Amino acid sequence: MIQLLFTVLAAEAGLATLLLFKTPLRKLAMLALDRLKRGKGPVMVRTVAATVLLVLTSSLHSMAKIHGHAGAGELDAPGALTPTDQVLLARHMLEASLMGYALFLALVIDRLHSYIREMRGLKKNLEAVSKQNKALEEAKFGSSDDDESKPSQKDIAALNEEVKKLKLKLKGKKEEIKDAEAKAVAAKTQAEGLALKYDRLLEDNKHLHDQLQSEGKKDT
């Protein structure tokens, strides 16, 4: 389970990294996400997300149950955890963290994809308006009749206003993308930290197993 979660998290981190930088691979990633959001793709993604959320809830419940056993005094010292419970608690905590970060990265990837698409649309609109504005200015200066130039001036003013609005909107989308990029980088860093915690968990589990074996030999 943990290995699968690490694989999913690594894949999501790689996809988020592709979306962060303008490279030919970003186009392939955008095409893949476009296809994923068509047809039955969104339903499948929601189903997987709901399943992961359900398992995450189960892990949190197991953690609360372990703490409840310790607080109820079922152990030798009330409030204390046995080495086995400590390893189980650490494992559930790691699984819950991985699932939480996987869901968070999926949300970040979805937002990045949407922002990039919107930014591309805004750039195309801005280019179209700029070309139209340039054509009207050329028509204005090429016309010798002042009466014919007056409507052009109004059109140019309206187009200039539209260009300003599009530039402001594009700037806002760029800021949103930067914010999503920062969140993706932070999630990737935290995932690397979880990988180190997993290695330590394996070492503790091995140490506990060796300790239990040595105690069993002593008893025999």
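User: What counts as a pocket, and how is its volume found?

Analyst: On a 1 Å grid over the protein atoms alone, a pocket is an open set of points with protein on both sides within 12 Å along at least five of seven lines, whereas a cavity is a set of points where a 1.4 Å probe fits but cannot get out, and lining residues have an atom within 4 Å of a point. Grid points are joined across faces, edges and corners, and the volume is the space filled by probe spheres set on the points. This is a predicted model, in which local features need pLDDT of at least 70 and side-chain atom pairs count only at pLDDT 80 or more, while totals for chains, interfaces and linings use all residues. Residues are numbered from 1 along each chain as its sequence is written, and side-chain values use heavy atoms, with hydrogens and water left out.

User: How much space lies in the largest pocket, and which residues are the closest to its centre?

Analyst: The largest pocket holds about 860 Å³ of space, and among its 27 lining residues Glu12, Leu36, Val45, Val48 and Ala106 are the closest to the centre. Helices here are DSSP runs of H or I with at least four residues, numbered from the N terminus; H1 (2-20), H2 (24-36), H3 and H4 (83-142) each supply at least two lining residues, and H3 gives the largest share, ten residues.

User: How does the lining of the largest pocket divide by class?

Analyst: Ala, Val, Leu, Ile, Met, Phe, Trp, Tyr, Cys and Pro count as nonpolar, Asp, Glu, Lys and Arg as charged, and the others, Gly among them, as polar. By that scheme the lining of the largest pocket has 20 nonpolar, three polar and four charged residues.

User: What is the volume of the second largest pocket, and what lines that pocket?

Analyst: The second largest pocket has a volume of about 260 Å³, and its lining includes Lys22, Arg26, Met119 and Glu127. H4 gives the most to this lining, with six residues, and the lining divides into three nonpolar, one polar and seven charged residues.

User: Where is Lys37, and is Lys37 buried, partly exposed or exposed?

Analyst: Buried means under 20% relative accessible area and exposed over 50%, with partly exposed in between (1.4 Å probe, protein chains only). Lys37 lies in the loop between H2 and H3, and because its relative accessibility is 35%, Lys37 counts as partly exposed. Taking contact as heavy atoms within 4.5 Å, and leaving aside neighbours within four places in sequence, Lys37 is in contact with Pro42, Asp110, His113 and Ser114.
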